[in-house]
Amino acid sequence: MRIGGSCHCGNISFVLDWRPEPSEIPARACGCTFCTKHGGVWTSCPGGALQVTLRDASRVSHYAFGTHTARFHVCSTCGAVPVVSSTIGGRVFAVVNVNAFDDVDPALLKRSAVTFDGESEAVRLARRQRNWIADVRGLDVDG
Ligand SMILES: [Zn+2]
């Protein structure tokens with residue numbers, strides 16, 4: 001299933017090729033302080049492929065906090081946060097914000113609340129390597 005998404009102004013857009021075809025899409029409302037303030041509700045498909053397109057990469061700001069292992073890609077024009085990445089062992093992993101989806105039947109979304117407070121950094125990175133999208137292209141992950 002190909003899922004398109006974008007920030008509000010369209011500067012950051014993505015196509016997520018969800019494989020295999022999903023019967024439901026987990027939508028995890030993260031309870032961290034950043035995601036609470038930004039409405040971050042994340043999903044990922046470990047076997048999927050994510051292509052991100054930045055119309056103007058200079059209008060994307062990057063934010064990290066806490067362990068600084070996750071990079072939030074924030075559109076500096078409209079303020080939306082469609083993608084988060086984490087570079088682990090030289091490989092880029094990512095999750096996408098279901099609130100940035102353009103064309104998904106909301107009935108497919110299986111919503112839950114999650115909190116990762118208290119998780120050690122090693123456990124956190126191992127979880128991302130297991131669950132996050134491992135085939136990610138087009139994101140600015142340096143600097
Ligand atoms: Zn935007």
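Predicted model: local features only at pLDDT ≥ 70, side-chain atom pairs only at ≥ 80, totals over all residues.
## Pockets, zinc site and backbone features

Five nonpolar, six polar and one charged residues make up the lining of the second largest pocket. About 160 Å³ of space lies in the second largest pocket, whereas the largest pocket holds about 490 Å³.

**Second largest pocket**
- The residues that line the second largest pocket are Ser6, Cys7, His8, His38, Gly79, Ala80, Val81, Pro82, Asn97, Asn99, Ala100 and Asp102.
- Cys7, one of these lining residues, is also among the donors of the zinc ion.

**Largest pocket**
- The largest pocket has a lining of 23 residues, and those nearest its centre are Cys30, Phe116, Arg124, Arg127 and Arg128.
- At least two residues of this lining come from each of strand S3 (25–30), helix H1 (33–38) and helix H2 (121–131), and H2 supplies the largest share, with four residues.
- By class, the lining of the largest pocket divides into twelve nonpolar, six polar and five charged residues.

**Zinc site**
- The zinc ion is coordinated through the SG atoms of Cys7, Cys9, Cys75 and Cys78, at distances of 2.3 to 2.4 Å.
- The arrangement around the zinc ion counts as tetrahedral because its four donor atoms subtend angles of 101 to 119 degrees, and the criterion for four donors is that all angles lie between 85 and 135 degrees.
- Along the sequence, the donor residues follow the spacing C-x1-C-x65-C-x2-C.
- Distant parts of the chain are linked by the pair Cys7 and Cys78, which are 71 residues apart: Cys7 lies in the loop between strand S1 (2–6) and strand S2 (12–17), and Cys78 lies in the loop between strand S7 (71–75) and strand S8 (83–88).
- The two residues of this pair fall into separate accessibility classes, since Cys7 is buried with a relative accessible area of 3%, while Cys78 counts as partly exposed at 29%.

- The number of disulfides in the structure is zero.
- Cys32 takes part in no disulfide, and the cysteine sulfur nearest to its own, that of Cys35, is 3.7 Å away; Cys35 likewise is in no disulfide, with the sulfur of Cys32 as its nearest cysteine sulfur at 3.7 Å.
- The pair Cys32 and Cys35 is therefore not counted as a disulfide, as the two sulfur atoms are 3.7 Å apart, whereas a disulfide requires them to be within 2.5 Å.
- Cys32 is buried, with a relative accessible area of 15%, and Cys35 is buried as well, with a value of 4%.

**Loops and backbone geometry**
- The peptide bond that runs from Arg19 to Pro20 is cis, with omega near -10 degrees, and Pro20 is located in the loop between S2 and S3.
- His68, although it is not a glycine, has a positive phi of about 55 degrees; this residue lies in the loop between S6 and S7 and is exposed, with a relative accessible area of 57%.
- Thr69 belongs to the loop between strand S6 (60–63) and S7, and in contrast to the exposed His68, Thr69 is buried, with a relative accessible area of 17%.
- Thr69 and Arg124 are separated by 55 residues in sequence, and their C-alpha atoms are 9.2 Å apart in space; Arg124 is also one of the residues nearest the centre of the largest pocket.

Conventions:
Residues numbered from 1 in each chain as written. Heavy atoms only, no water. Buried < 20%, exposed > 50% of the residue type's maximum accessible area, 1.4 Å probe, protein only. Donors = N, O, S within 2.8 Å, 3.2 Å for Na, K, Ca; no water. Tetrahedral: all angles 85-135°; square planar, octahedral: opposite > 155°, others 65-115°. 1 Å grid on protein atoms, 1.4 Å probe; cavity = no way out; pocket = protein on both sides within 12 Å on 5 of 7 lines; lining within 4 Å. Points joined across faces, edges and corners; volume = space filled by probe spheres on them. Nonpolar A, V, L, I, M, F, W, Y, C, P; charged D, E, K, R; others polar.
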